[in-house]
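Please work through the exercises below with the sequence and the model at hand. Each task is followed by a solution in steps.

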Amino acid sequence: MGLFVKFKNLLNRKKKISEQIAKINQGQIEIEQKKFDDGLKKSSSILNEAINKITTKYHRLDDELIETIEETLLSFDIGTSATDKILNAIIDEIKYQNVTDPELIKQIIIDKLFVYYIQDTDINSDIKLLSNTINIILVTGVNGVGKTTSIAKLAYRYKKAGYRVLLIAADTFRAGAVAQLEVWTNRIGVTIFKPQKDGQDPASVVYGGLDYAKKNKMDIIICDTSGRLQNKVHLMNELKKINEIIKKFDSQQPVESLLVIDATTGQSGIRQAQVFNEVTKVSGIILTKMDSTSKGGIVLSIKDAFNLPVKFIGLGESLSDLEPFDLEMFIQGLTKELIINEQ
């Protein structure tokens with residue numbers, strides 16, 4: 001076989017491999033988009049119904065239309081600040097184009113709603129992991145938001161990726177928190193470092209866990225923390241001590257400090273989460289139970305309240321249903337029914 005023929009065959013093989021990789025990647029994208037579509041079905045249906053109701057009832061800009069749009073945006077859990085900005089943008093566009101066609105009003109509402117998602121938004125959902133060191137992820141959030149389950153889902157994700165994962169059970173305040181986390185570690189097959197005695201100081205648990213991780217050559221540490229809000233000063237001191245111990249272990253750590261918010265609690269959850277944003281430096285949000293709420297606008301509320309990226313979004317109950325937040329997939333999932341109805 002001549003050299004040219006060999007070279008041609010090699011190029012053909014490379015082309016086929018590239019095509020196969022492209023098909024695999026496209027298939028993975030479609031699977032992930034379906035997760036977003038299914039998980040956001042409730043939000044999409046409510047948004048679709050509300051916008052269609054507006055555009056079938058009103059054909060011109062007046063006080064009643066403006067009030068109805070405002071009520072719709074607020075009911076979608078967007079928050080007052082974002083609602084004011086989006087509403088003003090909608091009004092300006094309708095006036096500028098002198099729109100009376102209901103379908104055009106509908107398009108303007110959708111356009112202005114989701115332009116606000118995109119503009120000036122940190123859409124980088126990547127978790128920062130450093131090479132050649134133990135990476136520490138600190139997880140905070142009020143009790144009942146799905147913090148422990150989210151930690152388990154993160155551990156499952158990194159275990160599947162081939163990392164040696166250690167969970168540190170530093171929530172020594174809530175009864176049953178350690179046992180709950182231990183159940184998950186047994187199910188996933190990762191290691192847990194537990195308090196040596198009841199009521200142990202959380203910072204000392206973290207210290208022991210870091211020492212264990214170093215001796216046992218762990219790759220990723222996910223640290224659970226207390227979710228109490230009864231005493232903000234106590235919480236602040238506790239998280240401060242934990243951060244100091246982590247910094248002494250490695251000044252570059254924690255690589256991420258993730259705040260868990262329950263999407264179903266809406267503005268109440270955001271107000272609670274503001275406490276954590278005050279007491280510790282948060283790098284990103286885990287938004288849980290998104291599949292259980294009709295209020296997809298909470299992402300805008302998070303943007304206004306914290307100016308932080310949503311890094312993960314919970315779209316179901318299984319261990320694999322914690323997805324890296326993808327703004328494009330999120331928007332497509334929310335507008336899926338609206339788009340279908342236009343075709």
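**Exercise 1: Overall architecture**

The chain has 12 helices and eight strands, where helices (H or I, at least four residues) and strands (E, at least two) are DSSP runs numbered from the N terminus. This is a predicted model, in which local features need pLDDT of at least 70, side-chain atom pairs count only at pLDDT 80 or more, and totals for chains, interfaces and linings use all residues. Residues are numbered from 1 along each chain as its sequence is written, and side-chain values use heavy atoms, with hydrogens and water left out.

Task: State what percentage of the residues in the chain is buried.

Solution. Step 1: apply the cut-offs, namely buried under 20% relative accessible area, exposed over 50%, and partly exposed in between (1.4 Å probe, protein chains only). Step 2: of the 343 residues in the chain, 48% are buried.

**Exercise 2: The nonpolar cores**

Task: Identify the residues with the most contacts inside the largest nonpolar core.

Solution. Step 1: a nonpolar core is a set of buried Ala, Val, Leu, Ile, Met, Phe, Trp, Tyr and Cys residues joined through side-chain atoms within 4.5 Å. Step 2: the largest has 81 residues, and Ile86, Ile222, Leu287, Met290, Ile302 and Phe330 have the most contacts inside it. Step 3: helix H5 (residues 102–118) gives the most to this core, seven residues.

**Exercise 3: Helix H11**

Task: Determine which residues of H11 are buried.

Solution. Step 1: H11 spans residues 298–306, and seven of its nine residues are buried. Step 2: these are Ile298, Val299, Leu300, Ser301, Ile302, Lys303 and Phe306. Step 3: Asn307, with a positive phi near 55°, follows H11.
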